[in-house]
Amino acid sequence: MSLTEGPRLAPSAGGPADSLVVLVHGYGADGRDLIDLGAAWAEILPHTAFVAPHAPHPCDQMPVGRQWFPLSLADPHAIARDTLSALPAFARLLDEERTRLDLPWSRVALFGFSQGAMMALSFAVTAPEPIAAVVGASGFLPPLLPPGLAPSRPPVLLMHGGRDEVVPVYALTATAAALSAAGVRAETHLTQSLGHGIDEEGVERAGLFLAAHLAPPAG
């Protein structure tokens, strides 16, 4: 399966896109799991295109679904190594999508869930050019940044459920602290009653955050 395959939504207002949101799915899922977020945000992001690519590899622990890299939550250093290995292909995907729409990096935002949040956050803070914004839901930033400031410091929103049974809730504060140490300020949103997922409140909060940072350029 090609990395660039996956569902897309054109801007709801019609005409060319002035921005792009890439929806990055979690382990064992595919792009179809997240593309409905684009429809949910169409009213507040009417000039935005959405793409939800399928990860390049079949999931190694499930009979269906895809993965960005092999996943072992027990070893964060292995996650960091495998994330770094997956980033070049992920970066090419993003570059192809923004080039197809003739958009600069500053008009690209990412939303990632679980393993997709690891990919989105890792790319966003190591990218050679800053992107518009990144939302990481139910994930974390692997320990891949060297000491000192991150090369790129985009606006970040971190969301998590207080009853997350897959990625423990302490990942929210740990990731916010790691980003702060790298010079990246992150907003956080905790839903105490939520497990490993995204609820309506989170969808609304993420959409408003993205819309704020993808407002049409002045003039």
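This is a predicted model: local features need pLDDT of at least 70, side-chain atom pairs count only at pLDDT 80 or more; totals for chains, interfaces and linings use all residues.
Buried, in this talk, means under 20% relative accessible area. Ser 152 has 3%, so Ser 152 counts as buried.

Ser 152 sits in the loop between strand 7, residues 133-137, and strand 8. Setting aside residues up to four places away in sequence, Ser 152 touches Ala 124, Val 125, Ala 127, Glu 129, Pro 130, Ile 131 and Val 184.

For contrast, take another loop residue, Pro 46. Pro 46 is in the loop between helix 1 and strand 3. Is Pro 46 buried, exposed or partly exposed? The relative accessibility is 26%, so Pro 46 counts as partly exposed. Beyond its neighbours within four places in sequence, Pro 46 is in contact with Pro 11, Ser 12 and Ala 13. From the C-alpha of Pro 46 to that of Val 21 the separation is 12 Å, and along the chain these two are 25 residues apart.

In what order do the strands of the open sheet come? There are seven of them, in the order 1-3-2-6-7-8-9, and the pairing is mixed. Strand 1 and strand 9, residues 186-191, are at the edges; each has a single partner strand, so one side of each has no neighbour in the sheet.

Look at strand 6. Six of its six residues are buried. Strand 6 pairs with strand 2 in the parallel sense, over five bridges. Strand 6 and strand 7 also run parallel, joined by five bridges.

One of the positions to look for is His 160, whose bridge partner in strand 9 is Leu 190. Met 159 is in strand 8, which covers residues 156-161. With a relative accessibility of 5%, Met 159 counts as buried. Leaving out residues up to four places away in sequence, Met 159 has contacts that include Phe 111, Val 135, Leu 172 and His 189. Met 159 and Thr 188 are 29 residues apart in sequence, yet their C-alpha atoms are 5.8 Å apart in space.

Helix 3 lies across strand 2, strand 6, strand 7 and strand 8, at about 145 degrees to strand 6. Helix 4, residues 170-181, lies across strand 8 and strand 9 and runs at about 165 degrees to strand 8.

What length does helix 2 reach, from its first C-alpha to its last? It has 25 residues and reaches 35 Å, close to the 36 Å expected at 1.5 Å a residue. There is a kink of about 40 degrees at Leu 87, shortly before the proline Pro 88. The buried residues of helix 2 include Ala 78, Ile 79, Leu 87, Phe 90 and Leu 94. Its buried residues pack against strand 1, strand 2, strand 3, strand 6 and helix 3. Just after helix 2, Asp 102 takes a positive phi of about 60 degrees.

Last topic: aromatic rings. How many aromatic pairs does a search of the whole structure find? The search finds five. One of them is Trp 41 with Phe 111, edge-to-face, at 5.7 Å centre to centre and 65 degrees between the planes. Trp 41 lies in the loop between helix 1 and strand 3, and Phe 111 in strand 6, so this pair ties together parts that are 70 residues apart in sequence. Trp 41 and Phe 111 are both buried.

Then there is Phe 90 with Phe 123. Their ring centres are 6.0 Å apart and their planes at 80 degrees; edge-to-face needs over 60, so this pair qualifies. Phe 90 is in helix 2 and Phe 123 in helix 3, 33 residues apart, and the pair links these distant parts of the chain. Phe 90 is buried, at 1% relative accessible area, and Phe 123 counts as buried at 5%. These two also belong to one aromatic cluster with Trp 68 and Trp 105.

That is the tour.

Methods. Residues are numbered from 1 along each chain as its sequence is written. Side-chain values use heavy atoms; hydrogens and water are left out. Rings of Phe, Tyr and Trp (its six-membered ring) pair if their centres lie within 6.5 Å; planes under 30 degrees apart count as stacked, over 60 as edge-to-face and the rest as tilted. Helices (H or I, at least four residues) and strands (E, at least two) are DSSP runs, numbered from the N terminus. Buried means under 20% relative accessible area, exposed over 50%, partly exposed in between (1.4 Å probe, protein chains only). Contact means heavy atoms within 4.5 Å. The expected span of a helix is 1.5 Å times one less than its number of residues. The bend at a residue is the angle between axes fitted to the seven residues ending there and the seven starting there. Two strands pair if DSSP finds at least two bridges between them. Axes are lines fitted to C-alpha atoms, for helices over the stretch in contact, and angles run from 0 to 180 degrees between N-to-C directions.
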